[in-house]
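Subject: A structure for you to look at

Hi there,

Here is the structure I promised to pass on. Have a look at it first, and then read my notes below.

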Amino acid sequence: MPSRRPPSDSISAAFHSSAQRHILPPGPQVIEGGVNDPAPVPEPSPTHGSYHWVFERAMSAALIPLTIAPFAAGTLNPITDALLCAGIIIHSHIGFQSIIIDYVPDQRLPKTRALFWWGLRAATLVVAIGFFEFETNDVGLTEAIKRIWTAKRKEETYIEPILRGVA
């Protein structure tokens, strides 16, 4: 007696709600060179090696004392505030730069990568201007964090009368 099982394609198709679509178009199907050609070796550069890696880790490690120092010392200094803002900006820029390098391929999507590079530069500039304005025309970053941490909770929120049935 033959088996009455449906083909495997119909079994897996039952669990899919839409057709498979590729997010990126397929890359060029061109083979350059032959099997005996040597692999291209990029020119050595210290900015693409260990110095760059060490700077990223040092910047990340420097954010820890810069974040804790103003609150542990009990004093709010505009210099430590400015250093903290600069550290946050540099750390964020390097992090988003790494995301662009890892996930937006240069050979496959050169225009998209250029768009992301300029978008990152613009966003970094806007955040830097925002921090500068906040530091010079308002209370500053560490004072704002201190005020948020020490804020008193309101006795009654808007949802509590509704829950009690009093409108």
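How many aromatic pairs does a search of the whole structure find? The search finds 1 aromatic pair. Rings of Phe, Tyr and Trp (its six-membered ring) pair if their centres lie within 6.5 Å; planes under 30 degrees apart count as stacked, over 60 as edge-to-face and the rest as tilted. Here the partners are Phe71 and Trp149, with ring centres 5.1 Å apart and planes at 50°, so this pair is tilted. It links distant parts of the chain, as Phe71 is in helix H2 (residues 50-73) and Trp149 is in helix H5 (residues 141-149), 78 residues apart.

Before going on, please note that this is a predicted model, where local features need pLDDT of at least 70, side-chain atom pairs count only at pLDDT 80 or more, and totals for chains, interfaces and linings use all residues. Residues are numbered from 1 along each chain as its sequence is written, and side-chain values use heavy atoms, leaving out hydrogens and water.

Are the two partners buried or exposed? Phe71 counts as partly exposed at 26% relative accessibility, while Trp149, at 63%, counts as exposed. (Buried means under 20% relative accessible area, exposed over 50%, partly exposed in between, with a 1.4 Å probe and protein chains only.) Of the chain's 167 residues, 15% count as buried.

As for the fold, the chain has 6 helices and 0 strands; helices (H or I, at least four residues) and strands (E, at least two) are DSSP runs, numbered from the N terminus.

Happy exploring!
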